[in-house]
Amino acid sequence: MSPLLGRHLLGVEDLDGREGIEAVMRLTDSFVEVSERAIPKVPALRGKTVAWLFYEDSTRTRLSFETAAKRLSADTMNFSVSSSSVKKGESLRDTARTIEAMGIDAIVVRHSSAGAPHRISGWVDAAVVNAGDGWHQHPTQALLDAYTIRQHLGSVEGHHIAIIGDIKHSRVARSDVAAFTTLGARVTLVAPPTLLPPSLEGWPVTVSHDLDAVLPTVDVAYLLRMQRERMTEALVPSLREYTATFGLTRRRAELLSPDALVMHPGPMNRGVEIAAEVADLPCSLILDQVRNGVAVRMAVLYLLLGAGADLVPPALDRTQEPEAVRA
Ligand code: CP
């Protein structure tokens, strides 16, 4: 069985539940191993072409998808909105169909509008991967976050994860809550009421406004950036007051248990949601998240373009790896 329910990865719900997420993580183990080789490249997607359609800025997601595609030997097609005919008024549909007409197998899409990747998936035959759409979802971020927790704690199940900060505007929070709770974690959202969604009905989480009380109880403190680009009004009195109440300051980090981990999807605003020195503590997994992002995205592209139901290998069992993964 494929871990993916369909031809696209638009949200965490496109994965076949807990089994699907775990299967992607096992496949990611193989690609972590590939990434550690002297020549971190396999021929798995030779002859395939992956295009990026990023209508919003990105450092990590775009570069790691590009690295992932190249490590799988796919050809890549870069698209920059700022230097494209989007500036002349070309629509999303026409842009997606134009790129597809050049011959591509997958489009990785980031857009400020929730649902844009879903719309594109109805217009093109290529596989579509959501690399972040508005406040909605960022499924590969959730996969790499779950993978990073599993790498450091052995599993996601049974652990208490606090997601702290601007939940309201965060696609990462929505995808992470779905992935973490599907995998059996307990999730607490910590934010001022103005930075929570208007309704949390159906979210399998608890909510707290008291970060000092929550921190000693967590295995993972997951910080979120204040998404000021999505705010239409002032939702906190000032950044200074926000940091004083909800920032992971040096003093507050001392409330964490000795084994607790600190995570952040990036980009960070050091000194706002996380103190500069806390971001660099040994318990901070922020660069591990980035590193694992490449292998997770290799797994996703491989599943969409190169594999199929029968190519989900047990972790690191070289005899059962897909042939294309072997050196
Ligand atoms: N985490 C994340 O999506 O980072 P970028 O915006 O840099 O891609």
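**Aromatic pairs and a helix**

Y242 and F246 are separated by about one helical turn, because they lie four residues apart in helix α8 (residues 239-246), where helices are DSSP runs of H or I with at least four residues and strands are runs of E with at least two, numbered from the N terminus. The model is predicted, so that local features need pLDDT of at least 70 and side-chain atom pairs count only at pLDDT 80 or more, while totals for chains, interfaces and linings use all residues. Residues are numbered from 1 along each chain as its sequence is written, and side-chain values use heavy atoms, with hydrogens and water left out.

**Ring pairs**

- A search of the whole structure finds five aromatic pairs, a pair being rings of Phe, Tyr or Trp (its six-membered ring) with centres within 6.5 Å, stacked if the planes are under 30 degrees apart, edge-to-face if over 60 and tilted for the rest.
- One of these, F180 with Y222, is edge-to-face, at 6.5 Å centre to centre and 65 degrees between the planes.
- This pair links distant parts of the chain, since F180 belongs to helix α6 (residues 171-182) and Y222 to strand β8 (residues 220-223), 42 residues apart.
- F180 counts as buried because its relative accessibility is 0%, buried meaning under 20% relative accessible area, exposed over 50% and partly exposed in between (1.4 Å probe, protein chains only).
- The rings of Y242 and F246 have centres 5.8 Å apart and planes at 25 degrees, so this pair is stacked.

**Helix α2**

- In α2, the buried residues include F65 and E66.
- Just after α2, S73 takes a positive phi of about 70 degrees.
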